[in-house]
Amino acid sequence: MGKVDPKVDEAIETLNMKDGPTRRRLLAGTGLVSATAAASALLTACSSSSSASGAVSSSNPFPSVPSWHFWFVNHVTTNSFFVPTQYGFADAAKLLGLPTPNWVGSTNSIASQMVAQIDAAVSAHASGIATTLINSTSFTTPVGNAMSAGIPVLSYNADGDIVNGVPDIGCNRLAYVGQALYTSGEQLGERIKSLVTTPGDVVIFIATPGQANIQPRYDGAAAVLTPAGYTVAEIATGAATDVEEGNMVAYLLGHKSTLKGAFAVDGGSSSFLAPALAKAGITGLPNGGFDTEPLTLSNIAAGTTDFTIYQDPYLQGFLPTLYLYLYNISGGTLVPPDTDTGLSFITKSNLAEYNLASRYQGSGTAEKYLPRPSGAISNPIATTSS
């Protein structure tokens, strides 16, 4: 057998071919001693590990780690908003070679049930915990116990109460991944003013008043609208999506003659806005809300809902998983950053890409590549760096 070019040998080692057929083919081509031939051999080797689309598989740059098992403790585990969140953490775990995180908590925003699951995660020696801090008092002890046991804890989607715009987190979690909730409420208020130009009665529906994942949005909106002369009603719809629409219809029927706008601060209530207005016999009333439930997007496409505010639930699953992984693999030196997952308005004009079936919006199960639209990227001038 002739001499193997060093580049060919390097390709074999880099691609971890061991004793497979591609390795034998490269070794059989020992006469390919020029750099050009070696490069060609490398390309051929790469192509053998390419997907049908032509994307080249890359080697994981991280060392082998234990099968770290993370827990996501949620406040409404069956709510449709968190479907893409679950896809996000599953995809991140698969990418990193980890078990799919546990998905536990409450179905009706009961903090004690969430606390019990955080305690269970500590007892099970979880490798990391991500949880929604739906108030600033219930989680001080359980999160503190987890951190004292050496288990890193992140919050996502909700980060404790916000009083007059000032955060009251209430525990020693490492970082928050989610929307700037009070700010998003202020922006909701400004959008309402642009749609309802003469002050009057507006309703803002909210699934669970007082809970830190959505109450700051209402508070932010009311802080903008009330001083401007609007009368704002805060109406509870319920944590379970099967009762939200009925509660909304009941309120709308009793106030249809005076309302100038109807809005919502949670995904379920937002998705039922247009159907509830239709059942109440109200047409043309300005309305909008939050999140990208498929029904909300369909309503925007049909012109029956004006807008929704996007906070990227997929990232709220993907990023905590990545952050917990990096914190563990770095010996605790890659401390996770607070991360704002976004405050984007979706209207009929920019709906198309969000309305595609995908795991990213929770409207599809397939793992697939969504090409970006061609042409310029439209984005407003940045206003903050946080």
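A cavity, on a 1 Å grid over the protein atoms alone, is a set of points where a 1.4 Å probe fits but cannot get out; lining residues have an atom within 4 Å of a point. Grid points are joined across faces, edges and corners, and a volume is the space filled by probe spheres set on the points.

The model is predicted: local features need pLDDT of at least 70, side-chain atom pairs count only at pLDDT 80 or more, and totals for chains, interfaces and linings use all residues. Residues are numbered from 1 along each chain as its sequence is written, and side-chain values use heavy atoms, with hydrogens and water left out.

**Stop 1: the cavity.** The structure holds one cavity of 30 Å³ or more. The volume of the largest cavity is about 200 Å³. Select His75, Val76, Asn79, Asn213 and Asp266: of the 19 lining residues, these are the closest to its centre. The lining divides into six nonpolar, nine polar and four charged residues (Ala, Val, Leu, Ile, Met, Phe, Trp, Tyr, Cys and Pro count as nonpolar, Asp, Glu, Lys and Arg as charged, and the others, Gly among them, as polar).

**Stop 2: the first sheet.** Helices (H or I, at least four residues) and strands (E, at least two) are DSSP runs, numbered from the N terminus. Two strands pair if DSSP finds at least two bridges between them. Select β2-β1-β3-β4-β7-β13, an open sheet of six strands with parallel pairing. β2 (102-105) and β13 (339-340) are the edges; each has a single partner strand, so one side of each is left without a neighbour in the sheet. Next, pick β4 (residues 153-159) and β7 (residues 176-178), which pair in the parallel sense over two bridges. Ser155 stands opposite Tyr176 in β7.

Stop 3: Contact means heavy atoms within 4.5 Å; axes are lines fitted to C-alpha atoms, for helices over the stretch in contact, and angles run from 0 to 180 degrees between N-to-C directions. Now show α4 (residues 83-96) with α13 (residues 315-329): they pack at about 35°, axes 6 Å apart. Residues that meet there include Phe89 and Leu96 in α4, and Phe318 and Tyr325 in α13. By class, this contact has eight nonpolar, five polar and one charged residues.

Stop 4: Select β9-β8-β10-β11-β12-β14, an open sheet of six strands with mixed pairing. The twist averages 20° from one strand to the next. β8 (residues 201-206) and β9 pair in the parallel sense over six bridges, and Val203 stands opposite Ala233 in β9. Finish on α7 (residues 181-195), which runs at about 165° to β12.

Terms used: On a 1 Å grid over the protein atoms alone, a cavity is a set of points where a 1.4 Å probe fits but cannot get out, and a pocket is an open set with protein on both sides within 12 Å along at least five of seven lines; lining residues have an atom within 4 Å of a point.
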